[in-house]
Each structure stands twice: as structure tokens, then as C-alpha cells.
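This report describes parts of one protein model. Please look at the sequence and the structure before reading on.

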Amino acid sequence: MPVDVDTAVREVLGTEEAVFEPLVHNPKNGVTAGVWRVTAQDRSAVLKLLTRTKEATGRWAASDDPRHWNHWRREAHVYESGLAQLWQPYGIRAPRLLACVERADGDVALWLEDVPGEPGTVWPLARHVEHARRLGVAQGAVHPDDKPWLTRGFLRQYVSSNTLGQDLLDADEAWQQPLVRDHFPAGLRQDMVRLHHDREWFLDVMESLPRAFSHLDQWPANVRSHGPDSVLFDWAFAGDGALGEDLGNYLPDTVLDLFIPAARLPGYAAQAYEAYLHGLRESGWQGDEQLVRLGVCASAVKYDWITALMLARAGEEQLDYGGARTVSAELRYRERGLTLAFLAGWAAEARELAPRLGFPEAPSGR
């Protein structure tokens, strides 16, 4: 625990006598020194410590480049500027910023509202669909001015930073590992190798689509309901994205981390997409719906790295997000295999749709 939090605790919670409870987060990310729920008597807050000095390897290293997808101070900027609350009129808000403290060691302490309510990890499907509608309204209505610290080129940077296991995509022995052989659907190897080979085409398409102010890390663990609101956490990647890109991230992530059974994904995704379109129209947006559909489907490229990761880690213990607990390897590989097959369907739809909208054909054809 940081040694100089006493003053901040006193200012935020009115006392120096507090209990610090570590919260689940990605411990590999170099921009996050820690996240705690801080409780003092009947009051509480969340402390998130942002840093650029934590040792982190490879893709999770903190960046000083304000446009980089993992810029260490972006989340503080988003809260301080008020951008995190721009979607509040449309039913999606961020936790209230209680204090932003510049520490003597150069780190930044974000003190945030401790939001009660039901986490998105246990929402029923209807609540996820409603969140999609609100997202459509918000992204259709809100177009903030650019800021020098908002993400640019997130998808390309993020996908390109995930290289683990890519040499296994064409390796027969990797696909014959029992977890992969027994739980990945037939034909998935061909589809995922094709997606990887078309990756640059997908990224070019995504970068040419209509733009939207985007969160870029929407998944059920980053959202909860509080009264009528969706409360959205972790704004560290916020910036420029394609219209539909946030939804294209949110839907697969409800299954990839075992929050919703993969068998329900096709019907759920169809409902959520229609809700998102309805929200866009509700906002007054009058663009081409086919471009939105292309943004959702082509966002399948974000998950290109998942296949390689699954091949590389098929012999390892399977851990949940945050690494605190083990999960069933058979369940994970079955559910993720079905999700990857669903994403292959999105990719195929994107290859068919893009040329009709004036884009060149994918290298692998339609």
C-alpha cells in the first residue's frame, strides 16, 4: 500500500482509520499499481493508483506517448476533463471522481465513487441488450472535441502487440493438443488462420469507417447497474474508435470470460445489435446502417490473438481474470472455441459486405 495516502484518506473519507481491500484487476498492466476499496466506518471509496514505473513486460508496458493505447495517465485525464460523464444523459455514466492526487513519486491516485449495484458479470441478457441500446444513443449523440491524450489507432496497436503463439497457427501439433482437438469446432483452424492472414485488411477497413468517441474496453466486468444507470469503469483506453467497435468488443467478451453460455451468443448478439441501431436512430443519427454492421463484424479482428493464445496455453493451468482462481480448462476451450467460430461468421460477413460499400476485397476473397 502506498505510504502517503493518509492525507488523501482524511480528505476523501474524513478519517485516517481505513481498511484497504484489494480489488480484482489486470495485474500485468504496467499502468496500474493497484486498485483498492477503502472503507472508513460507513463510508467507502475506490482508490486506483496509476503509474509509469511498474515493471511490466512486452505489450503491457506503460507508455508516455499520450496517443498510445496504454498511455499511463489517460484515465486521469478522462476523469479530470469530464469526458467520462459525457454519456450520463443517455444512461451510461462513470463513477464520480472524488479526488485526483498527484503523488510525490510521480504516480497519480484516482479516488472514485464506490458504486453499489449489480455487476455486469451477473446481468440477465435483457440488461446487456439495454446497455447496447444506451451505447447506441450515446455514441450517436456525443461527439467531443479531440484531446491530445485520447487514443488514436487503438485497434491496430492493441492487435499488433499480441504476438504470443502466432507461430503456432500453422503448426499441426498445436492443433492436435487434446484441449484444442476435442473442444474447438471443426473448420475453426481454417477460419482463424484466414482471419490472421487478412488482419491488415480488417484493420484498414476499421480505420476507414465512421468514427465515434469510444470506451474501447467495454465488457461485463467493467460495468454495473446503479439504479437506472449503467456505470462504466476503466476509461484507460478511451478515444477514437469505429462506430460499432465498442459493441463488437462487448458482445464476445460476455462469453469469452464465461459470463454467458456461448450457445446463447447468436441470439443475444442479434438482439443487442438491433438495440444499438435503435439507440443510434433515437439519437438522431442518420448514417448508413450497413457501415455500422461492418464496424461490428470487422471488429472480429480484435480477437485474432485469442486463437494463438489458446494454442500456446493449452498445456497450462487455466486462470480467471486477475489470476486468482482456476477455471475448468475443458469449459474454457469449449466456450471460447464456439465464440471464435461465431467471430469467424462475423469476419465472413465483413468480407461480403465491405466490397458492396466501396472497400477492396479481402486478400483471401469473399
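Glu21 stands opposite Arg37 in strand E2. Strands E1 and E2 (residues 32–40) pair in the antiparallel sense over four bridges; two strands count as paired if DSSP finds at least two bridges between them. Strands (E, at least two residues) and helices (H or I, at least four) are DSSP runs, numbered from the N terminus. The model is predicted: local features need pLDDT of at least 70, side-chain atom pairs count only at pLDDT 80 or more, and totals for chains, interfaces and linings use all residues. Residues are numbered from 1 along each chain as its sequence is written, and side-chain values use heavy atoms, with hydrogens and water left out.

E2 also pairs with E3 in the antiparallel sense, over eight bridges. Here Trp36 stands opposite Leu47 in E3. The two strands form a hairpin with two residues between them, and Gln41 in the turn has a positive phi of about 55 degrees.

## The whole sheet

What is the order of the five strands in the open sheet? The order is E1-E2-E3-E6-E5, with antiparallel pairing. Strand E1 (19–22) and strand E5 (97–102) stand at the edges with a single partner strand each, so one side of each is left without a neighbour in the sheet. From one strand to the next, the twist averages 25 degrees.

E3 pairs with E6 in the antiparallel sense over six bridges, and the bridge partner of Lys48 in E6 is Leu110. Six of the eight residues of E3 are buried, so E3 is largely enclosed by the rest of the structure. Buried means under 20% relative accessible area, exposed over 50%, and partly exposed in between (1.4 Å probe, protein chains only).

## A helix across the sheet

Helix H2 (residues 74–81) lies across strand E3 (43–50), E5 and strand E6 (108–113), running at about 50 degrees to E6. Axes are lines fitted to C-alpha atoms, for helices over the stretch in contact, and angles run from 0 to 180 degrees between N-to-C directions. Contact means heavy atoms within 4.5 Å.

## Two packed helices

The axes of helix H9 (residues 245–256) and helix H13 (residues 329–356) come within 9 Å and cross at roughly 155 degrees. That makes H9 roughly antiparallel to H13; angles under 35 degrees count as roughly parallel, over 145 as roughly antiparallel, 65 to 115 as roughly perpendicular and the rest as oblique. Gly248, Leu251, Pro252, Val255 and Leu256 of H9 make the contact with Glu335, Arg336, Thr339, Leu343 and Trp346 of H13.
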